[in-house]
Amino acid sequence: MKSTKAYPTRQPVDRYASDLSPSVQESVYNASKLKTEARVDALQRDFADPDANRRLAGAIKQHTLDHLDTYLEQAESSLRENGAAVHWASDAESANQIILGIMQRNDCRRMVKSKSMVSEETELVPFLEKNGMEAVETDLGEYIVQIDHDHPSHIVTPIIHKNRQEIARSFEREGLGAYDDDPTVITRRARDYLRSKYLEADVGLTGANFVSAESGRIVLVTNEGNARFSMAAPRIHIALVGIEKLVPKDRDLSLFLSLLARSATAQCLTVYTQFIGGPRHRTQRDGPEKMHVVFLDNRRTEVLSGDCRKILRCIRCGACMNVCPVYRQASGHAYRGVYPGPVGAVLSPLLKGKEFPELADLPKASSLCGACNEVCPVDIPIPELLLRLRNRAKHEHVSLAARGTPSMGIWARAASSPGAWKTALSAGRLLNVVPHGFLNLSSPARAWQSSRKLPPFRGGAFRKWMRERNPPKNGVPSPDRKSEPDS
Amino acid sequence: MGTCLCDAFFDDAARATVEVLEYLGCTVHFPEAQTCCAQPAFNAGDWAAARRVIRHTVGVFDGELPIVIPSGSCAHMVYHGYDLALEGEADADAAPRFARRTWELCDYIVNGLEVREWPGTYRKKIAFHRSCHTRGTRTAESALALLGSIDGLELCTFGEQEQCCGFGGTFSVAFPNISAKMGRIKLEHMRDGDPDAIAGSDMACLLHLGGILDREGVALPRVHIAQILRDALKSEGLLS
């Protein structure tokens, strides 16, 4: 079908989508679609009732959040028993300072790090570089993001917006060999380069997919094995962990790992799944001498005390963005934050704290179709949370969020007054009060008409027909048993 | 029965809803004081405005009769919007009471009245859009069961059925480019099987999809499921 000319929209996400190059849009769309289909296949192949699993996982996560104070204390003592040092960071700045301090005290200069969205949140790498440290991303996608001075556009597949030709050009520019866009060659070159970085590094930083409060085990999953190499080869391992990453017990992990792998990448189990029980034990030959765990709050406690706390259940699988029709059109960078897609549209504005208005348009960037909730492995009611944030933006009079949305005040007055409504209907003036904004001259009407036509307005025709054939019999209940299905 | 969109644009879909319910033995009341379920204000984030309209609607439909709505998204608004909008308000308990009486049309026919097969013939190939607001409800499966039982009716299967049409109420005007693109993708899929008409259980989706077809000069009919059910009855003389 032919496409129409872009409408000069005032919403940033809509504008970003209409300015996006067709090749990026195609990469994002196709990859998201394939991952969504593979995910459905994997869940239906392996589970009799995948829905029951995600509801159970959601309940366990919610329980953990409801008792987070207890579980964090338990995790802290378990981690200390395992020989790890535990640090608490209230915000991004203090997390970065703690990590820098550990590096300075231990005479470290070179860091290798595996993928960690939390480190994107704190902007750790630029911070360390500014302080004279080297920090190298070892996840292939994140490494490409780093050499391109770009930002990840997806939480699982950070370079979903790039194609291999672009990557080959970046590698050539970085002196990693002559142009070659064969994926095997690209991967081999990255591997050779990163191998030397692992061996030189004196500190390895990872995130954590889960932390068991019971045992203090840190669980990490990757498909490249880079988290294992990052934590095991250097002298010191630092894990930077959001406080919401806890699960109560080790036994919960089978459910979460099986859901995470299937939801994120349609695998039964991620290729490398590690359970880290502490630094190198005296009976072990390899591993880091010291281990530090930095728990990061960064406004999570604030989110926990509000009415959108369910968003903290998120296990960062990315299924919601893969299925989201808006993400597929707009791509991750449209969301202007670390977390894109539906989860980002809730989480990013919340993590902004007082600067909520800067991202208050994101909750509007949704048709509320509910696909995100349907695929969520921890059953987060994302549409409900988007609606709550829309209401908050309205309360706080955020103009960015209101752009393009017709005002509802006059409409609500008409829609709560039968007389006004009927008059509008019969006079054909419904068009002047109906909020879908089909006014000829108003901008919502133009926005509608830019790609769609309205059918003829038939206001009141139905109620007239109804009245003529069936004069109202006031107060007479339906005589038919069938109209009372609950009885 | 409640509707506003059909009362404004799609009176034949509303008439078909009445005729189908009457065929099933119901007496249909259409309270004249009704306006809208409040979904536009609620989705726009203006919950204070939404509460005003919700309270009006709850008052208008006061009583014990079941409330049947030929639209999945309006029913969804009653189920999942009224409780949120009234959260913490003195009349919060009105939401679950109202929701218990509210039915989407297909859900009412199949699960309320326990009618699972539909008589008559309808010799057309139909691409049916499962509206998003019916996720997690029995509406889509009910609609498909009814359509599947009609003699002569052929249902087209098409790709990415779980994807949204892109309407989303005020989303369609605040995010017109993404909304229209979603609609064009949906229509491409729906037209894959060369249907005689596109159909749905929610005229809002069809308003948007039909609007795109009209803008592009494509004369593909759009029908509400109630119109299909009514026309099938008429084919056998079960309805005059």
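What follows is a short chat about cavities, one threonine and some ring pairs in this predicted model.

Biologist: What volume does the largest cavity have?
Modeller: Let's start with the overall tally: the structure holds seven cavities of 30 Å³ or more. The largest cavity comes out at a volume of about 680 Å³.

Biologist: Which residues lie nearest the centre of the largest cavity?
Modeller: In chain B, α1, α3, β1, α5 and α11 each supply at least two residues of its lining. By class, that lining has 32 nonpolar, 17 polar and one charged residues. Of the 50 lining residues, the ones nearest the centre are Cys37(B), Gln39(B), Ser71(B), Ser73(B) and Cys74(B).

Biologist: Is Thr35(B) buried or exposed?
Modeller: Thr35(B) sits in the loop between α2 and α3 of chain B. Its contacts include Trp421(A), Val53(B) and His56(B). The cut-off for buried is under 20% relative accessible area, and Thr35(B) has 3%, so it counts as buried.

Biologist: Which residue's backbone oxygen does the side chain of Thr35(B) reach?
Modeller: Ala414(A) and Ala415(A) are both among the residues that Thr35(B) touches. At 2.5 Å, the side chain reaches the backbone oxygen of Ala415(A).

Biologist: On to the rings: how many degrees lie between the planes of Phe462(A) and Phe30(B)?
Modeller: There are 17 aromatic pairs over all chains. Phe462(A) and Phe30(B) make one that is edge-to-face, 4.9 Å centre to centre, with the planes at 90 degrees.

Biologist: Why does that pair join two chains?
Modeller: Phe462(A) is buried at 0% relative accessibility, and Phe30(B) is buried at 9%. Phe462(A) lies in helix α24 of chain A, while Phe30(B) is in the loop between α2 and α3 of chain B, so the pair joins two chains.

Biologist: How far apart in sequence are the parts that Tyr82(B) and Phe98(B) tie together?
Modeller: Tyr82(B) and Phe98(B) are stacked, 5.7 Å centre to centre with 20 degrees between the planes. Tyr82(B) lies in helix α5 and Phe98(B) in helix α6 of chain B, so the parts they tie together are 16 residues apart.

Key
Residues are numbered from 1 along each chain as its sequence is written. Chains are lettered from A and ligands numbered from 1 in the order in which they are written. This is a predicted model: local features need pLDDT of at least 70, side-chain atom pairs count only at pLDDT 80 or more; totals for chains, interfaces and linings use all residues. Side-chain values use heavy atoms; hydrogens and water are left out. On a 1 Å grid over the protein atoms alone, a cavity is a set of points where a 1.4 Å probe fits but cannot get out, and a pocket is an open set with protein on both sides within 12 Å along at least five of seven lines; lining residues have an atom within 4 Å of a point. Grid points are joined across faces, edges and corners, and a volume is the space filled by probe spheres set on the points. Helices (H or I, at least four residues) and strands (E, at least two) are DSSP runs, numbered from the N terminus. Ala, Val, Leu, Ile, Met, Phe, Trp, Tyr, Cys and Pro count as nonpolar, Asp, Glu, Lys and Arg as charged, and the others, Gly among them, as polar. Buried means under 20% relative accessible area, exposed over 50%, partly exposed in between (1.4 Å probe, protein chains only). A polar contact is a pair of N or O atoms within 3.5 Å; within protein, one must be able to donate a hydrogen and the other to accept it, and residues adjacent in sequence count only if both atoms are side-chain atoms. Contact means heavy atoms within 4.5 Å. Rings of Phe, Tyr and Trp (its six-membered ring) pair if their centres lie within 6.5 Å; planes under 30 degrees apart count as stacked, over 60 as edge-to-face and the rest as tilted. Lists of a residue's contacts leave out its neighbours within four places in sequence.
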